[in-house]
Amino acid sequence: MTAAAAVAVGALTVGALAPTAASAADGPAAAPADPVQEGLNSLVRDDGVPAALGSVKDRDGRTRTYTAGVADLATGAKVPRDGQVRIGSNTKSFTAVVMLQLVAEKKVKLSDHVDDHLRGVVRGDGFDGRDITVRQLLQHTSGLPNYLEHLDSDVRYYKPRELLDRALKGKAHFEPGKKWEYNNTNYLLAGLIIEKVTHHPLAQEIDRRVIKRAGLRHTYFPAPHEVTIREAHPKGYDQAAPGAPLVDATEWDPSWAWAAGQLVSTNSDLNRFYSALMGGKLLKEPQLKQMRKTVRAGFPFAEGARYGLGLVRTPLSCGGVYWGHGGSMTGYETRGGVARNGRAVNIAVTTQPTDKGTMKHAEGLVDKALCNGR
């Protein structure tokens, strides 16, 4: 995008494109406003996201989808119902499920050390693969350096081993098991272990073991060098700083996220996935129980959240908790999960907001939608 075009896009008044409520003159009194639709409208109108999408699955399995805003700031195109988005770190839950299936098959133990499968690979300043367990990788308690701190500024294709080489340049952040710190290097190594054990590409294992088994029809792991999104989707936008132009960031190489964040999906497919997971359709009870053993989490999750093995436990304002993960990827943010009663909600917006309050509003909408079904 040229600088002139970027400025033109940024000058669009996003709020003016939000859906408007019907007036009394339009006919009989309207039905009570749907809180999910109201919440999405607010994200567009008040928080300035280009588009917001939502999907709610009730306890009986009925699904309702929602949209607000526009799919394309330049054309004003309509947002596709249940359009595909890049789901970022929700990918970690898929990767963790594959690893725990291998645990059930006795091909991996959570107590295994990284060196048991990737011998001699992880050595560096203050860290050693002989001291870090598979459980610590999945729970973000390894203390490893984060490869994100050593990436190039240009967006290009990365091989997983190249990402690992970047991580190994850093220093350990803490001794294994001593703290919790969100870190993509953990899932990079988990993906490499899966490939070593299965002798198959990670994408193939996720597709066979999770996507197909859960019946996800609009979820896929992008192939190497694949930069487009395959099905109907809203464009994703990047904003360098508050007030800066919104720049189209839809088509670019997501390989830097790999096992930690490369998947594309829809809100409804994410609801199906987390419902299938928590319903025992993807993991046996012993492994699901391990997945739900949590430690206190911090940024980037909501206050009070706890982290299991690729799964986040978030308290509800109406009591109880919901299980999910959420994800952040250039151009898109997703939040959601499933409550104990089976109600599932997922929300997506088409930018990574520079104002942290925006995602708090999205998280609050997930909470309201889940509590509304009680």
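Is E333 buried or exposed? I looked it up: E333 has 7% relative accessibility, so it counts as buried. My cut-offs: buried is under 20% relative accessible area, exposed is over 50%, and partly exposed is in between (1.4 Å probe, protein chains only).

Before going on, I noted the ground rules. This is a predicted model, where local features need pLDDT of at least 70 and side-chain atom pairs count only at pLDDT 80 or more, while totals for chains, interfaces and linings use all residues. Residues are numbered from 1 along each chain as its sequence is written, and side-chain values use heavy atoms, with hydrogens and water left out.

**Entry: salt bridges**

I stayed with E333 and found that its side chain forms a salt bridge with R335, at 2.9 Å from N to O. (A salt bridge here is a side-chain nitrogen of Lys or Arg within 4 Å of a carboxyl oxygen of Asp or Glu.) R335 is also buried, because its relative accessibility is 14%. I then searched the whole structure and got 22 salt bridges.

Next I checked K235 and D248, whose side chains meet in a salt bridge of 3.1 Å, N to O. This pair links distant parts of the chain: K235 is in the loop between α8 and β6 (237-239), D248 is in strand β7 (residues 246-248), and they are 13 residues apart. (Helices are DSSP runs of H or I with at least four residues, strands are runs of E with at least two, and both are numbered from the N terminus.) K235 is partly exposed at 28% relative accessible area, and D248 is partly exposed at 29%.

**Entry: helix α8**

I looked up R208 and E205 and found their side chains in a salt bridge, 3.1 Å from N to O. Why can they meet? They sit three residues apart in helix α8 (residues 202-211), so about one helical turn separates them.

Which residues of α8 are buried? I found L202, E205, I206, R209, V210 and I211. Seen down the helix axis, these buried residues fall within an arc of 155°, so they line one face of α8. (The arc is that of the directions from the helix axis to the C-beta atoms.) They pack against α3 (90-104), α7 (184-198), α9 (258-261) and α10 (267-278). Contact, for me, means heavy atoms within 4.5 Å.

**Entry: strand β14**

How many residues of β14 (residues 332-339) are buried? Eight of the eight are, so the strand is largely enclosed by the rest of the structure. I then went through its partners. (Two strands pair if DSSP finds at least two bridges between them.)

- β12 (residues 321-324) runs antiparallel to β14, with three bridges joining them. Here Y322 has A339 as its bridge partner.
- β13 (residues 327-329) also pairs with β14 in the antiparallel sense, over three bridges. M329 stands opposite Y332. The hairpin of β13 and β14 has two residues between the strands, and G331 takes a positive phi near 100° there.
- β15 (residues 344-349) is joined to β14 by six bridges, again antiparallel. T334 stands opposite A348. This hairpin has four residues between the strands, and G342 in the turn has a positive phi of about 95°.

**Entry: two loop residues**

G342 came up again when I checked D58: leaving out residues up to four places away in sequence, D58 touches G342 and R343. D58 is in the loop between β1 (51-57) and β2 (63-69), and it counts as buried because its relative accessibility is 14%. A polar atom of its side chain lies 2.9 Å from the backbone nitrogen of D60.

Last stop was G129, in the loop between β5 (127-128) and α5 (134-139). G129 is buried, with 0% relative accessibility. Setting aside neighbours within four places in sequence, its contacts are H113, V114, D115, V122 and R123. I also noted that G129 and R119 are 10 residues apart in sequence and 7.8 Å apart in space, C-alpha to C-alpha.

Definitions and conventions. A polar contact is a pair of N or O atoms within 3.5 Å; within protein, one must be able to donate a hydrogen and the other to accept it, and residues adjacent in sequence count only if both atoms are side-chain atoms.
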